[in-house]
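Thanks for coming. I will go through one structure today, residue by residue at first, and then chain by chain.

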Amino acid sequence: MLGLSLGASPHFSYQPLWVMLIFMTMIGWRCMNLWRNWPLPSKQHRSLTWLQLGIAAIATLLLVRSYGNFIGRDAGVALLTVMLGLKVIEIRSHRDYYLSCFLGYFLVVTNFFYSQTIPTASLMFVVVIIMTTCLISLNSPIQSLDSRSRLKLANQMLLQAIPLMLVLFVFFPRIEGPLWGLPQDAYGAKTGIDDSMTLGNISQLILSDEIAFRVKFDGDIPNQSVLYWRGPVLWETDGTTWTELTRKKQNSATPNISNTHSSYQYSTMLEPHNNHWLFALDFPTTLPITLKTHLTQDGQLRADAPVRQRVQYQLNSHTQFQFNVGSDVHLADALQLPADKHQRTKQLAQQWRNHTQQPSELVQLALDHFSQQNFFYTLSPPQLAGDSIDGFLFESRRGFCEHYAASFTVLMRAAGVPARIVTGYLGGEINPVDGVMLIRQRDAHAWTEIWIEGDGWLRVDPTAAVSKERIEHGINTIMPFSMRSPMFISHSRQLFDIWQQLSNNWDALNTGWDQWILAYGPKLQKEFLSKLGMPAPNWQSMVILLTLSITTLLLIISLFLFYQYKRHDPIVQLYQRFCNKLARLGIVREPSEGPLDFAIRACKQLPTYQHQIMLISHQYTQLRYSLEPSVSLVEYRREIRQFNPKQE
Amino acid sequence: MTHNEIAAILQAVNSIILGKKHTVKLALTCLLARGHLLIEDMPGVGKTTLAHTLATTLGLSFQRIQFTSDMLPADILGVSIFDSELKQFTFHKGPIFTQLILADEVNRATPRTQSALLEAMEERQVSIEGQTYSLPEPFFVIATQNPSSQIGTFPLPESQLDRFLMQIEIGYPDTEAERILLSGHNRKQMIQQLQAVISIDKFIELQTAADNTHAAPALIDYIQQILAHSRDSGHFHFGLSPRAGLGLLSAAKAWAMIDGRDQVLPEDVQAVLPSVVGHRLQPRDEHISSDHVKDMIAQVAIP
């Protein structure tokens, strides 16, 4: 019962409330029945049947309403949960208990559709132990085995299963494609950078501690201030929302990167975000080998398929470069502004433009405007009504990176300088435990690129004009402790350091888990197997190989146990041979039959060999059971060798 | 030589108790293994005769106590009575001070009286008013129970049953034996005329010899497997106690000696097993296996 509840508990967060409500009511009812002897609906009065039918019907209706159908992950799991709850209150026979137990195991599996983290896995491991203990209790009616020894036995059994588990983990064929694919609704909304930007949606990410991706540098680690992780590039705006170039405008030309300096080599492990783009240190100069990707004209690294599983890729980036120096086909798009919006901003830009035509001077004017006109960098900007850019620039003057990036871009475009917004992440934290850099959702950032004749696209980060710390030391310096740690330790620096240390260790553990356990997909498996000397096996041959190897393994173990049991005693072995000879004539010794009883029975069936049978049996009992046997092993062996009974 | 004496004992007893060779052999096994015997059967099948014959044949002094519900421990153990001539209490030994005592219908007495007997069985001595009196050596109790009419009886609890090495049944004689019985002499008279076959010293020697019968490690393995099966199989409410295990071994040794062997074989264990463990095991599923011990033999493989 406990196992079932625990096994179902993670579903609380994924399932509608009513599903869990029904489930917990049923479990609670059953528990009260066991402890306090509360009455259960009885089968005789049909109340059970009606109740179950009623609940099942209601549940089905609700399911259809919530999910539309029964197919799919969420609906299926919900149905399983409700029905399991109903099963629990009608448990009566042994068979019902077994069924509930096995359904419980199934429930454990369904949890991994949603989450594959270490806590989930450990919780489910505990559940599996409890379930196994239940099964042991069901199978052994002896009360003398108390619950502790049952638990111990369950642990032992599971420990013994670990080698097999490892073999299966390594060799079980991983197949790309629909066989293992989860239903479509398995890829729900993920937090993270979006392909469009409205003022305010990046600052929502700031509270998220979730890891966006991890990076391991081979060699030097670049300075914090150049850690711009390039994501979606936004061009088009309707005044409030910024979006990527529409697909038909994108052309397949690759960007032209020249004059590169400061090369860094690193591998990235990206958490699934259900979108195409991959994050790369600005600017990637090689494409990953392990993934099918392409580089768009505006410098986005995009995977051909949406990232629905954790992916790992190797990249080489240069932090100093020149980007599309010659020209850019999309320059017109980089000047587009909605005609009837941002009037005050356009006026300001027009004033500047009257002052100077030089793009670099215009940039400087804008940045000076930010730094001198009382602009503040804040993590909780006020809500902007009406024209958000005008509102920000002339009224609130408090904003987050996206406000600065967006308004700067508008200013530049209005002043006639091609500009675009780049979203992504800035910074990252090195975990001292394993040297892996963690980039979290709260590191999300937006900045601007402008195009200047002769220099190409240049990165301008208007946020730097307001808050240098954000750029040079990362988001953590801006955020107060209280936003980064649990409430109760926020007031003490020392406690905070301990907490930091612990969370570093936990992150390192998670990195290992992701890298070695969860990332073990078809590719890693293929690599690993080819290292073992099995180049590129297909999954059919792997299934055969797996079956063969497991059979062999089990065979070896059982043979080993069998031989240990027999203990290589020559007396017993020879007697076994004697029995085998008789067994060929249809006289089979029962395992519980004593040697003399067996001899007498054999003599009745084979009177011709009476003398020999009695002699050998006597020798056997002498050798095996006497203190001072009156016969020698040699004689005994000779007799058995000479004993060749034939059917009369 | 030993074998001849045993054969003589068996022959003498079998001349009185007709057609019950196996039962007689089990009863003798029990005595040779220094154990107490519980006979559960109908009245009139020869329980008393068997006890009496054994006592006479083995040259043991014999007493019979008929248990009733108004019996007191003093009726068994003895009582101190004031001697007016000596001006002091003197202890008058009860019927228990004998080498072989037949406790007839032991379940008729109250638990208090039963426990007085059973304590004496275990300690082989009697303590009354601070004085300890040793019981004669050898000392055996053959108790009988009548299973058919349990009204007004106090059935022996498991802990008491455990003190009996064996429980056997006698059962009706077969047609042939019954015919001889009906046409032959009066059994009571025959017992009167019966002579002791061996002396008490000789009998104690036989007991020692039975104890010295060799039990090989392989055989101890077998006994352990039986014990383990009784505990782990789940067929019984409680497993066999270590005392039951010891009893099983000594009974098997005595049986092997009666069969004239100096080593114990699994067959010996199997032969005594029903009588040694039958009354100690309560099958969980009472209506399913009446032959639970036979099932147990079939289920435990001989190592």
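Let us start with A:Glu244, which sits in the loop between β5 (241-243) and β6 (257-270) of chain A. Keep in mind that what you see is a predicted model.

Is A:Glu244 buried or exposed? Its relative accessible area is 12%, so A:Glu244 counts as buried. Its side chain has polar partners. One is the side chain of A:Gln300, with a polar contact of 3.1 Å. Another is the side chain of A:Arg302, where the polar contact is 3.0 Å. If we set aside neighbours within four places in sequence, the residues in contact with A:Glu244 include A:Asp195, A:Trp277 and a run of names you can find on the screen: A:Pro232, A:Val233, A:Leu234, A:Trp235 and A:Glu236. A:Gln300 and A:Arg302 are on that list too.

Now the chain around that residue. Chain A has 21 helices and 18 strands. Of its 648 residues, 46% are buried. Take the contacts in chain A between residues at least 6 apart in sequence: 71% of them join residues at least 24 apart.

How confident is the predictor about chain A? The average pLDDT is 76, and 80% of the residues score at least 70. Confidence is highest in helix α19 (residues 595-605) of chain A, at 88, and lowest in helix α14 (residues 481-484) of chain A, at a mean of 50. There is also a stretch, residues 177-190 of chain A, where the pLDDT is below 50. Beyond near neighbours in sequence, that stretch has 18 contacts in the model.

On to chain B. Its secondary structure comes to 13 helices and nine strands. Chain B has 303 residues, and 52% of them count as buried. For contacts between residues at least 6 apart in sequence, the share in chain B that joins residues at least 24 apart is 77%.

The average pLDDT of chain B is 85, with 97% of the residues at 70 or above. Which elements of chain B have the lowest and the highest mean pLDDT? The lowest belongs to helix α8 (residues 187-193) of chain B, at 79, and the highest to helix α11 (residues 242-258) of chain B, at 92.

One residue to look at here is B:Thr208, in helix α9 (residues 200-211) of chain B. Its relative accessibility is 35%, so B:Thr208 counts as partly exposed. A polar atom of its side chain lies 2.8 Å from the backbone oxygen of B:Ile204. B:Thr208 also shows how the chain folds back on the page: B:Arg34 is 174 residues away in sequence, yet the two C-alpha atoms are 9.7 Å apart in space.

Next, some backbone geometry. Most residues other than glycine have a negative phi, and most peptide bonds are trans. Chain B has exceptions to both. B:Glu105 is not a glycine, but its phi is positive, at about 50 degrees. This residue is in the loop between β5 (100-104) and α5 (111-123) of chain B. B:Arg124 also has a positive phi, near 55 degrees. B:Arg124 lies in the loop between α5 and β6 (125-128) of chain B. With a relative accessible area of 26%, B:Arg124 is partly exposed.

As for the peptide bonds, the one from B:Glu137 to B:Pro138 is cis, with omega near -10 degrees. B:Pro138 is in the loop between β7 (131-134) and β8 (140-145) of chain B.

Last, the place where the chains meet. The size of an interface is often given as the accessible area lost when the parts come together. Here, chain B and chain A bury about 1,700 Å² between them, and 52% of that is on carbon and sulfur atoms. The contact takes 19 residues from chain A and 24 residues from chain B.

How many salt bridges and polar contacts cross it? The count of salt bridges between chain B and chain A is zero. Polar contact is found for seven residue pairs across the interface, with both residues at pLDDT 80 or more. On the side of chain B that touches chain A, the elements giving two or more residues are α10 (217-232), α12 (266-277) and α13 (292-299) of chain B. Of these, α10(B) gives the most, with five residues. By type, the residues on that side of chain B are 12 nonpolar, five polar and seven charged.

Note on methods: Residues numbered from 1 in each chain as written. Chains lettered and ligands numbered in written order. Heavy atoms only, no water. Contact = heavy atoms within 4.5 Å. Buried area = accessible area lost by both parts, 1.4 Å probe. Salt bridge = Lys/Arg side-chain N within 4 Å of Asp/Glu carboxyl O. Polar contact = N/O pair within 3.5 Å; in protein donor to acceptor, adjacent residues only side chain to side chain. Helix = DSSP H or I, 4+ residues; strand = E, 2+ residues; numbered from the N terminus. Nonpolar A, V, L, I, M, F, W, Y, C, P; charged D, E, K, R; others polar. pLDDT = per-residue confidence, 0-100. Buried < 20%, exposed > 50% of the residue type's maximum accessible area, 1.4 Å probe, protein only.
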